[in-house]
Amino acid sequence: MIYKELIEEIDAYMERDPAAHSRLMVFVSYPGLHAMIWHRIAHWLWANRLYILARLVGHFGRWITGIEIHPAAQIGRRFVIDHGMGVVIGETAEIGDDVTIYHGVTLGGIAPSVDSAIQKQTKRHPTVLDGAIIGSGAQVLGPITIGRNARVGANAVVVKDVPGGVTVVGIPAKPADSSSARSGRFAAYGTPTDDIPAREERALAGLLDEVSALRRRVEELEQEQARRVVPVSPEASDDAEAGSDTPRS
């Protein structure tokens, strides 16, 4: 069973990372895979109430790989951590199957450090459902849910639920009009690459177009007004004044 799950995870790297040329390469040189091996051991120890030993194993895995996963975190099958350095996964995080995350990702909590005693055994970290992708540097914070096949763009800060099949980008993260998640295509780093702007950007572009059109119209009206006004020469104005002083018979 353990061997089968290990082969599944190696094949997941082979499928999603074009730099993976062989299973042996993945097994000996991919820190994300190594981190998950250590986490499986630490999680088993944690489940059997060997808390200190579990934390020691988790700390050793962090030292070896640069990836910090709390032993209590629940992680599904075929989980891929690409590159991996700086990844932090909190205690109550839950991750489904076929999830991909990149380096620098945090699945963290937002609870204040005060009154930490009453926060024990409470959900403080995100839930990431099957097939989601979280790009490098993204910060997913709080007991929120990243929906099935959702995409979180690189460096996004997510503090609200992300519906399934939706791509979010920015700070704070907002939906982007992208078809990559809806079509089921794998999106590297969770970031849209089809040059479709976010709704806000598209609305702003529309407003700028309207302002440009209004400016052009104002210029046309000013030119029309200038053509209608005939300038009066100084000589004509003097003659008009002289004629006004002549007495009428």
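Two packed helices are described by the angle between their axes and the distance between those axes. Keep that in mind for the helix stop on this tour. One thing to know before you start clicking: the model in your viewer is predicted.

**The whole protein**

Start with everything shown as a cartoon. The protein has 249 residues, and 36% of them are buried. Now think about contacts between residues at least 6 apart in sequence: 36% of these join residues at least 24 apart.

**Stop one: a pair of helices**

Select residues 2-16, which is helix α1, and then residues 31-47, which is helix α3. The two pack at an angle of about 155°, and their axes are 11 Å apart. Angles over 145 degrees count as roughly antiparallel, so that is how α1 and α3 lie to each other. The crossing of α1 past α3 is right-handed.

From α1, pick L6, E9, I10 and Y13; from α3, pick G32, L33, M36, I37 and R40. Colour this contact by residue type and you get 6 nonpolar, 1 polar and 2 charged residues.

**Stop two: the five-stranded sheet**

Hide those side chains and move on to the strands. Which order do the 5 strands of this open sheet follow? Going across, they read β1-β4-β7-β10-β13, and the pairing is parallel. Select 68-69 for β1 and 157-158 for β13 to find the edges. Each of these two has a single partner strand, so one side of each is left without a neighbour in the sheet.

Now go inside the sheet. Select residues 106-108 (β7) and 139-141 (β10): these strands run parallel and are joined by 3 bridges.

**Stop three: the four-stranded sheet**

There is another open sheet to visit, this one made of 4 strands in the order β2-β5-β8-β11. Its pairing is parallel too. Which strands stand at the edges here? Select 74-75 and 145-146, and you have β2 and β11. Both have a single partner strand, so each is left with one side that has no neighbour in the sheet.

Finish with residues 94-95, strand β5, which pairs with β2 in the parallel sense over 2 bridges. Click Q74 and look across to β5: the bridge partner there is E94.

Technical notes
Residues are numbered from 1 along each chain as its sequence is written. This is a predicted model: local features need pLDDT of at least 70, side-chain atom pairs count only at pLDDT 80 or more; totals for chains, interfaces and linings use all residues. Side-chain values use heavy atoms; hydrogens and water are left out. Two strands pair if DSSP finds at least two bridges between them. Axes are lines fitted to C-alpha atoms, for helices over the stretch in contact, and angles run from 0 to 180 degrees between N-to-C directions. Angles under 35 degrees count as roughly parallel, over 145 as roughly antiparallel, 65 to 115 as roughly perpendicular and the rest as oblique. A crossing is left-handed if the near helix is turned anticlockwise from the far one by less than a right angle, and right-handed if clockwise. Contact means heavy atoms within 4.5 Å. Ala, Val, Leu, Ile, Met, Phe, Trp, Tyr, Cys and Pro count as nonpolar, Asp, Glu, Lys and Arg as charged, and the others, Gly among them, as polar. Buried means under 20% relative accessible area, exposed over 50%, partly exposed in between (1.4 Å probe, protein chains only).
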